[in-house]
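Please keep the sequence and the model at hand while reading.

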Amino acid sequence: MSNTKRGYMIILLVIVLGAFQSSPLAAQNIRKLSYAGSALWTKAQDIEIDGDVVYCAFQNGRAIYNIADKKNPVRLSQIYLGGGFALEVKDRLVYLAAGDKGLAIIDVSDPNAPALKGMLDTEGEAREVALSGTYAFVADGPAGLVVADFRDPSAPKIIATWDSPGETFGLALRGDLLYLADGSAGLQILNVKNPAKPAPVGALDTDGTAESIALAGNHAYIADGASGIKIVDIGNPSGPRLTATMTASGYARSVSAEGKVLCAGNLYDGGFQVIDISNPAAPAVVSTNKYTMYNEGWRVVLKGNIVHVVDYFSGIFFMDITNPQQPLTAGSIFTPSSIVAAAAQDHYAFAVGELSGLQVLDIADPSRPRSLGSTPIFRGVQGLTVSGNQAYVTDRWSVRIFDITTPAKPRQVRALNPPAGVPRTIVVKGDRAYLTADLAGLHVIDLSNPLAPKAVGAYKLPGFTYGLAVDGDFVFLAHSDTGLHILNVRDPASPALVGTLKLAGEPYGVAVRGKYAYVASGPAGLLVVDISRREAPRLVASLAAGDFANAVALAGDFAYVSDGNEGVKKINISNPLAPKLEALYDTPGESQGVVLNGPWILVPDSNSLIILK
């Protein structure tokens with residue numbers, strides 16, 4: 001790390017610590033909500049193959065699958081850690097580079113019941129790991145290289161660090177030499193014969209962003225981001241030389257080599273490429289392959305005739321390259337693209353996301369949610385609610401109505417196109433549904449005949465109407481620009497404006513109880529509005545957001561607020577005039593909603609469905 005960068009980080013640390021010490025949160029001893037379980041993990045990151053068993057790193061943690069039948073993989077277990085980028089397996093232990101959580105060591109002696117054995121916090125963001133003897137070499141992102149001694153796996157310890165000139169994203173170990181894909185600084189080569197004293201040997205600054213590295217013969221193959229694939233002669237480690245440059249089919253993110261074959265995973269619809277490297281000076285693309293809708297080849301692992309493609313949005317694909325010019329899909333592990341909305345009813349949870357379909361789970365035991373059924377995937381998902389035997393999903397074009405009489409077999413029975421606007425939030429009360437629509441405002445829908453719903457009334461608002469709450473004859477709308485709107489809908493054909501209040505931030509979600517409305521208002525946090533006089537609502541209290549308050553749900557003396565990258569907050573509102581933060585949980589992804597189901601808090605977290613208590 002350069003002196004300039006080190007100085008900047010020291011200044012930043014002083015500022016952050018000073019701000020933290022003066023923050024009200026520092027003095028409040030805020031508790032942490034309890035993690036209960038999670039499901040529908042998205043965004044796989046890496047895979048390690050051991051016969052018919054594969055170990056997968058997800059942004060949530062680590063999962064194990066049996067792929068004896070590649071067309072029907074069976075998940076054996078998962079362990080939630082709140083982070084996961086890459087992994088290595090040795091002696092029935094998984095070493096997981098777990099992002100900002102550091103290095104995790106997991107005992108997988110019983111793949112059906114893994115146990116966390118040890119954790120090692122690192123300064124940066126652990127992105128990849130390589131093992132040698134009792135040492136782990138960790139690519140720690142902006143913090144460079146970390147060397148850990150794991151002779152006692154329950155208490156690993158750092159024995160050395162090396163501040164790389166770039167950001168260490170990938171690494172490959174061969175003998176005493178460690179090769180780093182060092183982001184903006186390209187290739188770095190270290191001698192690690194003495195792991196406690198890594199010594200620089202050579203370097204080559206590529207013109208892209210070195211993301212990943214693979215070794216074959218006397219050459220290193222580097223996924224160099226927007227600059228494609230670099231092939232470097234490392235016969236003389238102290239003087240690596242650029243041998244060839246290849247244009248990739250997208251942003252080159254990952255490489256894996258075996259024998260005379262190189263496979264590259266590329267982002268931005270780049271898919272994966274099979275490349276002949278029998279002559280490293282003249283590599284030849286054998287095939288460029290698209291295998292799903294997004295084709296985001298985040299990671300590729302070549303083993304024998306199978307390329308294991310870890311797709312950022314769609315899951316893991318097993319591609320048979322016996323005929324490298326026409327690879328065939330031998331099987332796959334589906335993962336949702338995202339989870340953006342959730343609902344609950346009895347002991348069932350429902351969740352949707354972009355290209356994820358409607359997913360149904362049994363959460364009677366939240367520590368072991370069971371997937372029951374799902375629908376085909378679809379696009380443009382906005383919101384979800386469940387009422388009786390129907391689930392209602394809004395997308396950018398319609399309201400999809402699903403029959404969930406048999407939760408394991410949800411089926412779409414109708415799609416309703418609103419008269420105007422882009423459907424967003426829907427609330428069902430009895431035989432009416434209230435629907436907000438971007439650029440249109442509010443629609444009132446008659447559901448007395450569930451198979452023939454029809455719009456019966458509307459209230460027009462320009463811009464974006466996000467949140468919606470219904471209390472008796474009144475509807476409360478959270479509008480991004482103009483604040484809180486209160487409508488009387490006693491006559492559903494003619495909703496009438498009663499009162500309005502301009503609010504700070506970006507009103508996004510709203511919940512109502514008694515004489516107060518609680519508005520999740522983006523950067524302004526939780527706003528408490530006195531609505532005892534519907535025609536003259538007034539702001540009476542607020543509590544700042546950490547990121548972006550986008551949803552709120554009420555139970556007892558508490559408001560639960562979804563706060564984007566800050567996770568979920570439990571706020572005491574026993575005195576609505578003085579809301580107080582009581583507990584929180586920073587979920588791994590971006591919290592996009594909050595749903596209460598008895599003692600459980602369900603959070604659609606973009607990366608998964610998180611269950612808290």
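Aspartate 530 touches Lys515, Tyr516, Ala536, Pro537, Arg538 and Val540, leaving aside residues up to four places away in sequence; contact here means heavy atoms within 4.5 Å. The side chain of aspartate 530 also makes a polar contact of 2.7 Å with the side chain of serine 532. A polar contact is a pair of N or O atoms within 3.5 Å; within protein, one must be able to donate a hydrogen and the other to accept it, and residues adjacent in sequence count only if both atoms are side-chain atoms. Aspartate 530 lies in strand 49, residues 526–530. Strands (E, at least two residues) are DSSP runs, numbered from the N terminus. Aspartate 530 counts as buried because its relative accessibility is 5%. The cut-offs are under 20% relative accessible area for buried and over 50% for exposed, with partly exposed in between (1.4 Å probe, protein chains only).

The model is predicted: local features need pLDDT of at least 70, side-chain atom pairs count only at pLDDT 80 or more, and totals for chains, interfaces and linings use all residues. Residues are numbered from 1 along each chain as its sequence is written, and side-chain values use heavy atoms, with hydrogens and water left out.

**Loop residues**

Threonine 322 sits in the loop between strand 29 (315–320) and strand 30. Threonine 322 is exposed, at 57% relative accessibility. Its side chain is joined to that of aspartate 320 by a polar contact of 2.5 Å. Threonine 322 and glycine 304 are 18 residues apart along the chain, and their C-alpha atoms are separated by 9.0 Å.

Proline 462 is in the loop between strand 42 (454–460) and strand 43 (465–471). With a relative accessible area of 61%, proline 462 is exposed. From proline 462 to alanine 349 there are 113 residues in sequence and 33 Å in space, C-alpha to C-alpha.

Most residues other than glycine have a negative phi. Aspartate 346 has a positive phi, near 55°. Aspartate 346 lies in the loop between strand 31 and strand 32 (348–352), and is exposed, with a relative accessible area of 60%. Leucine 355 also has a positive phi, about 50°, although it is not a glycine. Leucine 355 is placed in the loop between strand 32 and strand 33 (359–362). At 6% relative accessibility, leucine 355 is buried.

**Nonpolar cores**

A nonpolar core is a set of buried Ala, Val, Leu, Ile, Met, Phe, Trp, Tyr and Cys residues joined through side-chain atoms within 4.5 Å. The largest has 30 residues, and those with the most contacts inside it are Ile47, Tyr65, Ile316, Ile601 and Leu612. A second, separate core has 16 residues, including Phe474, Phe476, Val512 and Ile531. Isoleucine 316 touches residues that include Ala44, Ile47, Cys56 and Val309, not counting residues up to four places away in sequence.

**Cavities and pockets**

On a 1 Å grid over the protein atoms alone, a cavity is a set of points where a 1.4 Å probe fits but cannot get out, and a pocket is an open set with protein on both sides within 12 Å along at least five of seven lines; lining residues have an atom within 4 Å of a point. Grid points are joined across faces, edges and corners, and a volume is the space filled by probe spheres set on the points. Searching the whole structure gives two cavities of 30 Å³ or more.

| Space | Volume | Lining |
|---|---|---|
| Largest cavity | about 60 Å³ | seven nonpolar, one polar, two charged |
| Second largest cavity | about 50 Å³ | two nonpolar, no polar, five charged |
| Largest pocket | about 1,500 Å³ | 28 nonpolar, 14 polar, five charged |
| Second largest pocket | about 870 Å³ | 17 nonpolar, 12 polar, three charged |

In these classes Ala, Val, Leu, Ile, Met, Phe, Trp, Tyr, Cys and Pro count as nonpolar, Asp, Glu, Lys and Arg as charged, and the others, Gly among them, as polar.

Among the residues lining the largest cavity are Leu526, Leu543, Asp563 and Lys569. The second largest cavity is lined by Phe85, Arg127, Glu128, Phe169, Glu211, Arg253 and Arg299.

The largest pocket has 47 lining residues, with Leu384, Thr425, Ala551, Val594 and Val595 nearest its centre. Strand 39 gives the most to this lining, six residues. In the second largest pocket, strand 6 is the element that gives the most to the lining, with six residues.

Definitions and conventions: Helices (H or I, at least four residues) and strands (E, at least two) are DSSP runs, numbered from the N terminus.
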